[in-house]
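Here is a note for a colleague who is opening this structure for the first time. The points below go from the domains to the helices and then to the strands.

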Amino acid sequence: MKGNWEIAGVSVKPGSKLQEYIKVDGTDEFMPVTFINGENEGKTVLITSGIHGGEYEGIHAAIEIAESMQPDDISGQVMIIHPVSVSTFRAREENITPADGKNLNRVFPPDKDGTLTDKIAWTLWDKFMSKADFHIDMHGCFSDWITPHVYYTGVCDEDVCAQAKAAAELINVPYMVKSVATTGAYNYGGMQGIPGILIERGHSNLLSDADVRLYKRDVKNVLCHLGLLKGDAEQPIIRPVDVVDLTYVNTNVKEPACWHPKIRINNEFLKGDVIGEVRDFFGNVLETTYAEFDGIALYMMGMMPIEPGGFEICYAKVK
Ligand SMILES: [Zn+2]
């Protein structure tokens, strides 16, 4: 007989679901969390949204998954956080915690004695990630346009990377990336032996139901693949292909100016194509950005104001 699931200071009986606010250690902050404990044994999966509090489709999808998923549906344990950073969400910021100006997905490994963002990271790791067999992290963009894509843990043991990649292949997006980063939540999890994926879908505060539906389908697919949900994973409508050589371009212009993109997301472009221009407030072109190789935009600035040294685009090469 399966016992209670002791997790994050709560006890969840087999065949039951619990929705609780879990305190961020050493602060007055909380995270809204749904715990679902199936009757039968199985893996433990962590689903996070709102590590960046202004990436709404992932948060919306996580809330709906938490609402609809029932203990009878699963073998194993699922924990869903919606969102991880409540203060960033409330501030209508994309990814900066107002209290300390830090980006939660850049502070791993976590420092439990640091400022609020560090404490959120620590709590996320200590209470949730470290107890999981797999981590699904849902993101998106706020001020950038995005071509939907998925990252899988890459700085980790080969076996961990292979498990993450097998899940990434089930995500309904055109592109996937083997991550080389180490400072994000799922990256750190990978380094500690927990495979994970980060999905990028939804942008520009569109609050798109179509994106939410696709997100829910992605999560369902991964949970089927991991044996938590009954049935086989649905074959993706599109299969992601690997992209490499991620290239991040920032403007060299040293004054506040205007960004005029010349390409769009979801479109391929050729070496030498104009990606965009930075113009002054009188329309004079200060800088033109050209593609260094044939590629696709993973995400790019989707707002007109651009600050000195500001971000223009991240693009990549189809492998
Ligand atoms: Zn994000």
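1. Domain bounds, as used here, come from an automatic or database domain assignment. For the protein chain, that assignment gives domain 1, residues 5-239, and domain 2, residues 243-318. Please keep in mind throughout that this is a predicted model.

2. How far apart do the C-alpha centres of domain 1 and domain 2 lie? The distance between the two centres is 29 Å, and the contact between the domains draws 11 residues from domain 1 and 12 residues from domain 2. On the side of domain 1 that touches domain 2, the elements that give two or more residues are β8 (144-146) and β10 (175-178), and β8 gives the most, with three residues. Sorted by class, this side of domain 1 has five nonpolar, five polar and one charged residues.

3. Helix α3 (residues 116-128) deserves a careful look, because 12 of its 13 residues are buried and the helix is thus largely enclosed by the rest of the structure. The buried residues include Leu116, Ile120, Trp122, Trp125 and Phe128, and also Asp118, Lys119 and Lys127. They pack against the strands β3 (16-23), β5 (40-49) and β6 (75-81), and against helix α5 (185-191). The length of α3 also agrees with expectation, because 13 residues at 1.5 Å a residue should span 18 Å, and the end C-alpha atoms are 17 Å apart.

4. Helix α6 (residues 209-225) has 17 residues and reaches 24 Å from its first C-alpha to its last, close to the 24 Å expected at 1.5 Å a residue. Which residues of α6 are buried? They are Asp211, Val212, Leu214, Tyr215, Asp218, Val219, Asn221, Val222 and Leu223. As a reminder for reading such a list, an α-helix has 3.6 residues a turn, so residues three or four places apart point the same way. The buried residues of α6 pack against β5, α1 (56-68), β7 (134-138), α4 (158-168) and β11 (196-200).

5. After α6 comes Gly227, which has a positive phi, near 85°. Gly231 lies in the loop between α6 and β12. Is Gly231 buried or exposed? A residue counts as exposed if 12 or fewer other C-beta atoms lie within 10 Å of its own, and Gly231 is exposed because it has 8 C-beta neighbours inside 10 Å. Between Gly231 and Met300 there are 69 residues in sequence and 38 Å in space, taken from C-alpha to C-alpha.

6. Strand β19 (residues 311-318) is joined to strand β12 (residues 241-250) by six bridges, and the two run antiparallel. Strand β17 (residues 295-301) also pairs with β19 in the antiparallel sense, over four bridges.

7. Finally, an open sheet of four strands has the order β16-β15-β13-β18, with antiparallel pairing. The strands β16 (285-290) and β18 (305-306) stand at its edges, and because each has a single partner strand, one side of each is left without a neighbour in the sheet. The partner of β18 is β13 (residues 257-261), and these two strands pair in the antiparallel sense over two bridges. In one of the bridges, Cys258 has Pro305 of β18 as its partner.

Note on methods. Residues numbered from 1 in each chain as written. Predicted model: local features only at pLDDT ≥ 70, side-chain atom pairs only at ≥ 80, totals over all residues. Pairing = 2+ DSSP bridges. Contact = placed C-beta atoms within 7 Å. Nonpolar A, V, L, I, M, F, W, Y, C, P; charged D, E, K, R; others polar. Expected span 1.5 Å × (residues − 1). Buried ≥ 20, exposed ≤ 12 C-beta atoms within 10 Å, placed from the backbone.
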